[in-house]
Amino acid sequence: MEAAMDLMRRMPPGSTETALNALLSLLPDHSLDLLSQVDLPLQVCMDKENNKEYILCEYNRDADSYRSPWSNIYEPPLEDGTVPSEEMRNLEVEANEVFSVYRDQYYEGGISSVYIWEDDDESFIACFLIKKDGQGKRGYMQIGSWDAIHVIQVGAQEEGSAHYCLNSTVMLSLTTDNKQSGTFNLSGSIRRQVLMLPLIWTWGFEA
């Protein structure tokens, strides 16, 4: 299993899905571990009710359906799909609005989605996603993509502060085709974790 994960970390993001499917067929007993630890390039869907795009990932998936952060509805329709509580849903709506403004100003475009749900009675998890594709807008880049996944687990809150665990994954790929720079493909991914740091938490909660 360790060798398989080492192999996946060295794969270009564009080949990750193919490599993962091959490993799943070779190591069926480790399917759950592989699916939970390997991040795939993000996919996008359209919320027809709000005419807004949203990002698909394991954190808004139930069976073969994905929940939109804009309408809170699953596509394809799923009658008994898991949805956040009213408190978490209100926080999710606010987070998507704020994060959309941040993404537009910092990344100058792209797509973002935020999903929030309860972990247990005293904690919750928030997933912040950003995807941006580009084609020849700057420099010598012909085509490129940036996929970022940030998952924050917020623990028990005490006196306006909390502890959290942050897992971040960034996948980058770009291709150039220019007489001056030449032709090359560059791609890779990086994953980092920060554990149990104090967080002053005021957004969405009373002090």
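**Exercise 1.** How many of the 12 residues of strand β7 (residues 123-134) are buried?

*Solution.* Some ground rules to start with. This is a predicted model, where local features need pLDDT of at least 70, side-chain atom pairs count only at pLDDT 80 or more, and totals for chains, interfaces and linings use all residues. Residues are numbered from 1 along each chain as its sequence is written, and side-chain values use heavy atoms, with hydrogens and water left out.

Next, the terms. Strands are DSSP E runs of at least two residues and helices are H or I runs of at least four, numbered from the N terminus. Buried means under 20% relative accessible area, exposed means over 50%, and partly exposed lies in between (1.4 Å probe, protein chains only).

Now the count: 10 of the 12 residues in β7 are buried, so the rest of the structure largely encloses this strand.

**Exercise 2.** Which strand pairs with β7, and in which sense?

*Solution.* Two strands pair if DSSP finds at least two bridges between them. Strand β6 (residues 111-120) meets β7 over nine bridges, in the antiparallel sense. For one of the contacts, take Trp117: its bridge partner in β7 is Ile125.

**Exercise 3.** In what order do the three strands of the open sheet run?

*Solution.* The order is β3-β4-β5, with antiparallel pairing. β3 (61-62) and β5 (74-75) are the edge strands, each pairing on one side only. Then zoom in on β4 (residues 65-67), which pairs with β5 over two bridges. Tyr66 has Glu75 of β5 as its bridge partner.

Stay with Glu75 for a moment: a cis peptide bond joins it to Pro76, with omega about -10 degrees. Pro76 itself sits in the loop between β5 and α4 (86-107).

**Exercise 4.** Is Asp29 buried or exposed?

*Solution.* First find Asp29, in the loop between α2 (16-26) and α3 (31-37). Its relative accessible area is 75%, so Asp29 is exposed. Finally, its C-alpha atom is 10.0 Å from that of Met1, 28 residues apart along the chain.
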